[in-house]
Structures are given as structure tokens and as C-alpha cells.
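Dear colleague,

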Amino acid sequence: MMMGKQAPKLKAGDEIRILSPSRSLSIVSEENRLIAQDRLETFGFKVSFSQHVLENDDFASSSIESRVADLHEAFVDPKVKGILTSIGGYNANQLLAHLDYDLIGAHPKRLCGYSDITALSHAIYARTGLITYAGPHFLTFAMLRGNEYTTTYFQRLMLEEGSIQIQSSPEWSDDAWYLDQDQRSFHRNAGPYAIHEGEAEGTIVGGNLCTLNLLQGTPYMPSLKGTIVFVEDDYESSPATFDRDLQSLLHQPEFDQVKGIIIGRFQKASHMTEELLRQIIRSKRELASIPVIADVDFGHTTPQFTYPIGGKVLIRARNGRVGIEICE
């Protein structure tokens with residue numbers, strides 16, 4: 001099975017560049033910016049910020065030119081080894097036709113983010129073969145409680161060699177922690193469950209479902225051949241919209257060569273339940289013969305593990321037990 005090109009592992013002392021290809025870092029409080037920077041520096045990284053990271057317009061973002069310039073500069077700068085996105089948003093796909101993919105491919109770096117960054121990370125992977133990463137934003141590192149799982153898996157994937165067995169987090173949260181770090185609500189994590197059992201090995205593609213679907217029919221949509229597809233969605237989704245977004249993905253020409261589906265935990269505001277999700281999956285004949293695992297620790301709830309888009313994953317779901325093993 002083919003995997004993408006891999007940028008070197010990070011190490012202590014490496015510089016991580018923060019940029020805003022979606023919404024502006026300026027919408028994040030200065031206090032949380034400083035906490036996130038301090039946390040990354042505690043891990044041994046040097047943190048730098050792109051020129052336009054705080055630029056802010058009527059869409060809480062910045063011009064296409066500013067965002068493209070910052071991204072190109074981050075990839076070209078030989079001191080920069082990793083790139084973290086500030087936060088998600090809605091408009092990262094504006095950049096895709098403006099990027100120099102030859103330049104990006106010639107200067108491989110570890111780009112990490114999630115949510116709206118799904119469009120950017122998959123376009124880069126599709127056009128260059130460079131493995132990108134679905135994982136925490138810069139802002140994520142400002143969380144003071146309930147973030148150990150997220151930071152541990154980020155460090156393991158970015159710094160350490162070898163495959164990673166994904167364990168379930170002990171608890172999870174879905175609260176506006178960035179507004180109040182003290183008033184938090186945590187829930188016991190029952191762990192993932194299999195809607196369809198089975199075993200599969202494949203190349204990882206996927207992230208935020210409605211954002212990934214923006215790439216359908218474009219040169220920026222990666223091949224689904226031989227993949228295990230990760231999907232999740234946020235509070236703006238509902239059971240009905242998740243159903244139709246998933247169905248749209250299933251209509252893609254290569255979906256018959258997908259080997260499994262892994263579904264991230266839904267936010268409470270989506271009103272998704274296990275029974276509704278099982279009904280949705282059962283209604284799709286395209287999924288009848290492949291493993292489908294749900295309620296996994298990634299997406300818009302906390303915490304989340306980091307995974308490589310273009311990397312490899314092995315999933316096993318037998319007798320009510322679920323195993324997920326990731327390697328690049």
C-alpha cells in the first residue's frame with residue numbers, strides 16, 4: 001500500500017510557525033494566545049508567527065493574498081519545521097487555486113490543524129503527496145484542563161518513531177472552554193463502538209465531512225482508492241445533514257474501493273444519538289461490507305488524537321472490541 005511523502009519528525013528546538021489560513025488569530029484572546037505559546041515552548045519548540053496572522057476583515061479572516069503569502073513563506077523558510085493553524089473557520093478553500101504546490105512539495109513541513117483546515121490539508125496531500133496532519137490548532141494548546149490526551153498524542157505522532165495504538169481518552173468535554181477555563185464539564189468516555197465489525201488496513205483520508213465534501217469534483221480531492229476514511233462534523237451538523245453529507249461522499253467514483261469508515265465524536269448540539277447513527281449507517285448499502293467504527297476521539301469535542309492524512313491505519317473491530325493503530 002502506498003503512503004504519502006513524509007516530512008521529518010519534529011525535535012526539541014524546532015521552530016513551529018503559526019499562521020491563519022482560515023479565521024484570524026486576532027479573534028483569540030491575548031491571554032489564550034500566550035498560554036498556547038507557553039505550552040508549545042514547554043514542549044521544547046520555538047514558536048514564531050506569520051506576518052499576517054492577526055490581520056482581520058469583515059469575515060474574521062484576511063485577504064487571500066495575505067494568507068497565501070504566509071503559507072508559502074512558512075514552507076520556504078528553512079528554520080521552520082512545523083506549521084500550526086491558528087483556528088478553524090469557513091474559507092480555507094479560497095486558497096487552493098492560488099497555492100504553489102511545486103514549492104510546497106519541494107519544502108516538506110508538518111502542517112497540522114482540523115475543521116476548516118481539512119480543505120487545505122487534503123489539497124496539499126492530493127497535489128503533492130505530502131502527508132499532512134489532522135490534529136490540534138494553535139488555540140487548542142491554550143486549554144488548561146482536559147488537554148493531556150490531545151498533547152500526548154500530538155507529541156507522540158510528531159516527535160516519536162513507530163506505530164501508535166490509539167487508546168480511548170478517560171473523559172471528554174464539549175464546552176466553551178476558551179471563554180471560561182474554570183467552568184468546565186467533563187463526561188466519562190465509554191469508548192468507540194463498531195456499527196459494522198471487521199478488519200481493514202488502508203491509507204488515511206478525511207476529517208471534517210462537510211469541508212472535505214467541498215473538494216468533490218475538484219483537482220484537490222484525494223483519491224479514495226484503498227483508504228480508510230475518517231469523518232466528523234461539528235455543532236452546525238444534525239443527523240439529517242450528516243446523513244446527506246455522508247451520502248454525497250459515498251457517491252464519489254472511487255468509494256467502492258474504500259476499506260473502512262471511522263467516525264469522530266459528535267458535539268451535543270448536533271443531537272446525534274447512537275441509534276440515529278446506526279440507522280443512518282444501516283441505510284447505506286455502500287457500507288454493508290466494510291467496518292464502520294464510531295464515537296472515536298477526534299473532531300470538535302475534546303480531547304483528540306492527531307492522525308496523518310496520507311499515513312496508514314489498521315482497524316480491528318471484533319466481539320465488541322475496537323482497535324486502531326496508526327503509522328506514517
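I begin with the lining of the second largest cavity, which by class comprises seven nonpolar residues, one polar residue and one charged residue. Please bear in mind throughout that this is a predicted model. The residues that line the second largest cavity are Leu10, Ile16, Gly82, Ile83, Leu84, Arg110, Cys112, Phe154 and Met158. Two or more of these residues come from each of the elements β3 (80-85), β4 (110-113) and α5 (148-159). The largest share, three residues, is given by β3. The volume of the second largest cavity is about 30 Å³.

In total, the structure contains two cavities of 30 Å³ or more. The largest cavity has a volume of about 80 Å³. Its lining consists of 13 residues, and those nearest the centre of the cavity are Tyr114, Ala134, Phe298, Gly299 and Tyr307. By class, the lining of the largest cavity has five nonpolar, seven polar and one charged residues.

A separate point concerns Ser50, which is located in the loop between β2 (46-49) and α2 (64-76). Is Ser50 buried or exposed? The relative accessible area of Ser50 is 6%, and the cut-off for a buried residue is under 20%; Ser50 is therefore buried. Apart from its neighbours within four places in sequence, Ser50 is in contact with Arg17, Ile18, Leu19, Ser20 and Asp70.

Yours sincerely

Key. Residues are numbered from 1 along each chain as its sequence is written. This is a predicted model: local features need pLDDT of at least 70, side-chain atom pairs count only at pLDDT 80 or more; totals for chains, interfaces and linings use all residues. Side-chain values use heavy atoms; hydrogens and water are left out. On a 1 Å grid over the protein atoms alone, a cavity is a set of points where a 1.4 Å probe fits but cannot get out, and a pocket is an open set with protein on both sides within 12 Å along at least five of seven lines; lining residues have an atom within 4 Å of a point. Grid points are joined across faces, edges and corners, and a volume is the space filled by probe spheres set on the points. Ala, Val, Leu, Ile, Met, Phe, Trp, Tyr, Cys and Pro count as nonpolar, Asp, Glu, Lys and Arg as charged, and the others, Gly among them, as polar. Helices (H or I, at least four residues) and strands (E, at least two) are DSSP runs, numbered from the N terminus. Buried means under 20% relative accessible area, exposed over 50%, partly exposed in between (1.4 Å probe, protein chains only). Contact means heavy atoms within 4.5 Å.
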